[in-house]
Amino acid sequence: MEIALHRKVAPLNRPIILDAGPLGMIAHPRPNPEIAEWYKRIVSSDCEIFVPEVADYEVRRSLLLRGLGLALGRLDELKQELNYWPLTTAQMLKAAELWAESWRKGQPTCDPKELDCDVILAAQALSVSEEAIVATENIKHLARFVDAKHWKDISADDCMNSSKE
């Protein structure tokens with residue numbers, strides 16, 4: 001099943017930030033029907049969807065390693081069609097704070113020598129909006145920092161309902 005690309009520019013309510021898992025599945029040349037249908041529903045709504053640079057990095061390195069050039073092209077298209085969010089120094093500084101905080105609390109998300117893309121993604125999501133919803137398959141690590149939900153559990157209504165209302 002092919003996924004058509006769409007760009008939605010709407011008032012920023014609760015943006016949806018794609019983690020590497022869902023992003024990689026959407027970029028796949030033959031995505032599974034379940035994620036294809038979910039993606040179609042989300043992009044046809046008034047939700048804003050962001051592709052954070054750190055998720056692009058995680059998916060891209062995997063695709064390069066596996067030699068999946070067609071999926072790389074789809075990933076590049078998604079970066080053009082959705083809202084691509086490059087990393088900034090402020091986001092990396094926030095990621096370092098989140099990393100240190102999680103270690104001080106005894107709740108690390110990875111080995112201390114690893115880069116920890118989860119905290120970088122969380123920092124990127126927070127820089128978009130504290131109301132952002134991270135679409136993921138890794139709720140356990142990300143929910144410590146941001147509103148993280150399994151992509152299957154996110155509807156278009158979720159991005160229109162502010163938790164601060």
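## Close-up views of a predicted model

**View 1. Trp38 and the residues around it.** Leaving aside residues up to four places away in sequence, Trp38 touches Leu18, Ile26, Ala135, Trp151 and Ile154. The model shown here is predicted. Is Trp38 buried or exposed? Trp38 is buried, because its relative accessible area is 1%, under the 20% cut-off.

**View 2. Trp38 meets Trp151.** The structure holds three aromatic pairs. In one of them, the ring centres of Trp38 and Trp151 are 5.7 Å apart. Their planes stand at 65°, so this pair is edge-to-face. The two residues come from distant parts of the chain, 113 residues apart. Trp38 sits in helix 2, residues 33-43. Trp151 sits in the loop between strand 5 (147-150) and helix 8 (156-160). Trp151 counts as buried, at 2% relative accessibility.

**View 3. Trp99 beside Trp103.** The ring centres of Trp99 and Trp103 are 5.6 Å apart. What kind of pair do Trp99 and Trp103 make? Their planes are at 40°, so the pair is tilted. Both residues lie in helix 5, which spans residues 89-104. They are four residues apart, or about one turn of the helix. An α-helix has 3.6 residues a turn, so residues three or four places apart point the same way. Trp99 is partly exposed, with a relative accessible area of 27%. Trp103 is partly exposed too, at 30%.

**View 4. A lysine over a ring.** Lys79 lies over the face of Tyr84. The distance to the ring centre is 4.5 Å.

**View 5. The two sides of helix 2.** Which residues of helix 2 are buried? They are Ile35, Ala36, Trp38, Tyr39, Ile42 and Val43. These residues lie on the same side of helix 2, because they cover an arc of only 165° around the axis. Pro33 and Lys40, on the other side of helix 2, are exposed. Several elements cover the buried residues, including strand 1 (16-18), helix 1 (20-27) and strand 2 (49-52). Helix 4 (69-81), strand 4 (133-136) and helix 8 are also among the covering elements.

**View 6. Tyr39 inside helix 2.** Tyr39 lies in helix 2. Tyr39 is buried, with a relative accessible area of 0%. Tyr39 and Pro22 are 17 residues apart in sequence. In space, they are 9.3 Å apart, C-alpha to C-alpha.

**View 7. The two ends of helix 2.** At the start of helix 2, a side-chain oxygen of Asn32 reaches to within 2.9 Å of the backbone nitrogen of Glu34. Ser44 is found in the loop between helix 2 and strand 2. The side chain of Ser44 reaches the backbone oxygen of Lys40 at 3.0 Å. Ser44 is exposed, with a relative accessible area of 54%. Ser44 and Ala156 are 112 residues apart in sequence, yet 8.7 Å apart in space, C-alpha to C-alpha.

**View 8. The nonpolar cores.** In soluble globular proteins, nonpolar side chains tend to be buried together. How many residues does the largest nonpolar core have? The largest core has 28 residues. Leu18, Leu23, Trp38 and Leu82 have the most contacts inside it. Strand 1, helix 1, helix 2, strand 2, helix 3 (53-66), helix 4 and strand 4 each give two or more residues to this core.

**View 9. Thr109 in its loop.** Thr109 lies in the loop between helix 5 and helix 6 (117-128). Thr109 counts as buried, at 8% relative accessibility. A polar contact of 2.5 Å joins the side chains of Thr109 and Asp116. Leaving out residues up to four places away in sequence, Thr109 touches Asp116, Asp118, Val119, His141, Arg144 and Phe145.

**View 10. The whole chain.** The protein has eight helices and five strands. From the N terminus on, their order is β-α-α-β-α-α-β-α-α-β-α-β-α. Of the 165 residues, 47% count as buried. Among contacts with a separation of 6 or more, 72% are between residues 24 or more positions apart.

Terms used. Residues numbered from 1 in each chain as written. Predicted model: local features only at pLDDT ≥ 70, side-chain atom pairs only at ≥ 80, totals over all residues. Heavy atoms only, no water. Phe/Tyr/Trp six-rings, centres within 6.5 Å; stacked < 30°, edge-to-face > 60°. Buried < 20%, exposed > 50% of the residue type's maximum accessible area, 1.4 Å probe, protein only. Lys NZ or Arg CZ within 6 Å of the ring centre and 35° of its normal. Arc of directions from axis to C-beta. Contact = heavy atoms within 4.5 Å. Polar contact = N/O pair within 3.5 Å; in protein donor to acceptor, adjacent residues only side chain to side chain. Core = buried A, V, L, I, M, F, W, Y, C linked by side-chain atoms within 4.5 Å.
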